[in-house]
Amino acid sequence: MTTRTDSSRHARVQVRGTSDRRTEFAERGRTLNVFSHGFLALWAAMISLPILWVVLGSFKTNAQLGSSAWAWPTQWSFDSFARAWSKGIGGYFANTLAVMAVSITATMLLGSMAAYVLARYRFRGNRIIYYSFVAGAMFPVYLALVPLFFQVNSMNLLNTRTGLAMVYTAFSLPFTVFFLHSFFRTLPTAVQEAAFVDGCSHTRAFFQVMLPMARPGLVSVGIFNVLGQWNQYLLPVVLMQRQRGDAEAHQVVTQGLVNLVSAQGYAADFPALFAGMTLAMLPVLVVYLSFQRQVQAGLTAGSLK
């Protein structure tokens, strides 16, 4: 009887200890959830409130902006958008889209091919090439502005869309290769071997088998490249300089926003500036919201093996 009583008492103590640990873990989890959700809410407010302020400001007048920056517009008018389009960024959208059509295509094609070879094939110098790309991703663009200007000028590509697209491609390749390298390593090897058994060449296996399987990763890194190149300002300023009679012929959207401010002089038209910023934000927001699920899937798949 004594033995049974002691064993039952010991069992109750163990159950009680287990329940206490579960309760402690649950409390820690709730505390962590509150902290993480609070941080995410704060981060969302820091991102969304400035955007809302800019959008609301585009429907106001200068007097309304000066009286109350956060008040709702008294009259919803689209005149500021018309002024921003005609005086500021209307002629720059086509230039930006033309440059990015070439740079994004070249970046994704060359980056995916390089990442696939470095991830799936072993050869002498593989690690050296890969870490060279990684080092390129950490190289600040500010250090390359002067030699980059003279190099592009020597190739007679200064103030041209082709030259800017080539520079965009060169500076986007390191991150693209770094991102897709880890993604291609997660793809199953059996599918690639089955393609080779069926008679596929290396090129055909890449374009018809492996590249479609890497679609989530391609979409993810493609969105990052679109955002980075669309918001780029420093490189266009250096490589797309003003010229007489052809001052804004090849300039991009970010330069158009700055020109919109400088052209106003002392007569600041802040609603038109806010309208131009809103128009400049719309394309990237539409692209991101359209491929949001693919971006999340690509980021998750790239981190798991």
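Met46 is exposed in this predicted model, with a relative accessible area of 51%. Met46 sits in helix α1, residues 2–57. Helices here are DSSP runs of H or I with at least four residues, strands are runs of E with at least two, and both are numbered from the N terminus. Met46 also belongs to a nonpolar surface patch of about 670 Å², which is made by Phe39, Leu40, Leu42, Trp43, Met46 and Ile47. Patch residues have over 30% relative accessible area and no salt bridge; nonpolar side chains (Val, Leu, Ile, Met, Phe, Trp, Tyr) are joined within 5 Å, like charges within 9 Å. A salt bridge places a side-chain nitrogen of Lys or Arg within 4 Å of a carboxyl oxygen of Asp or Glu. Accessible areas come from the Shrake-Rupley method with a 1.4 Å probe, and for residues only the protein chains shown count as cover.

The model is predicted, so local features need pLDDT of at least 70 and side-chain atom pairs count only at pLDDT 80 or more, while totals for chains, interfaces and linings use all residues. Residues are numbered from 1 along each chain as its sequence is written, and side-chain values use heavy atoms, with hydrogens and water left out.

The protein chain contains 14 helices and zero strands. Of its 305 residues, 35% are buried. The chain exposes about 18700 Å², and carbon and sulfur atoms supply 66% of that area. Contacts (heavy atoms within 4.5 Å) were sorted by sequence separation. Among those between residues at least 6 apart, 74% join residues at least 24 apart.

Helix α9 covers residues 202–213. Its 12 residues should span 16 Å at 1.5 Å a residue, and the end C-alpha atoms are 15 Å apart, which agrees. The expected span is 1.5 Å times one less than the number of residues. Ala205, Phe206, Val209, Met210 and Leu211 are buried in α9. Their cover includes α4 (93–120), α7 (161–186), α8 (189–197) and α10. Helix α10 (residues 215–230) has 16 residues and reaches 22 Å from first C-alpha to last, close to the expected 22 Å. Its buried residues include Gly217, Leu218, Asn225 and Trp230.

Aromatic rings of Phe, Tyr and Trp (its six-membered ring) pair if their centres lie within 6.5 Å; planes under 30 degrees apart are stacked, over 60 edge-to-face, and the rest tilted. The count comes to 15 aromatic pairs. Phe59 and Phe81 form a tilted pair, 5.3 Å centre to centre with 55° between the planes. Phe175 is partly exposed at 33% relative accessible area, whereas Phe179 is buried at 13%. Ring pairs also link Tyr116, Tyr121, Phe184, Phe206 and Phe207 into a cluster.

Most residues other than glycine have a negative phi. Asn156 has a positive phi near 55°, and Asn159 has one of about 65°. Asn156 is in the loop between α6 (145–154) and α7. Asn159 is found in the loop between α6 and α7. Asn156 is exposed at 66% relative accessibility, while Asn159 is buried at 11%.

How values were computed:
Buried means under 20% relative accessible area, exposed over 50%, partly exposed in between (1.4 Å probe, protein chains only).
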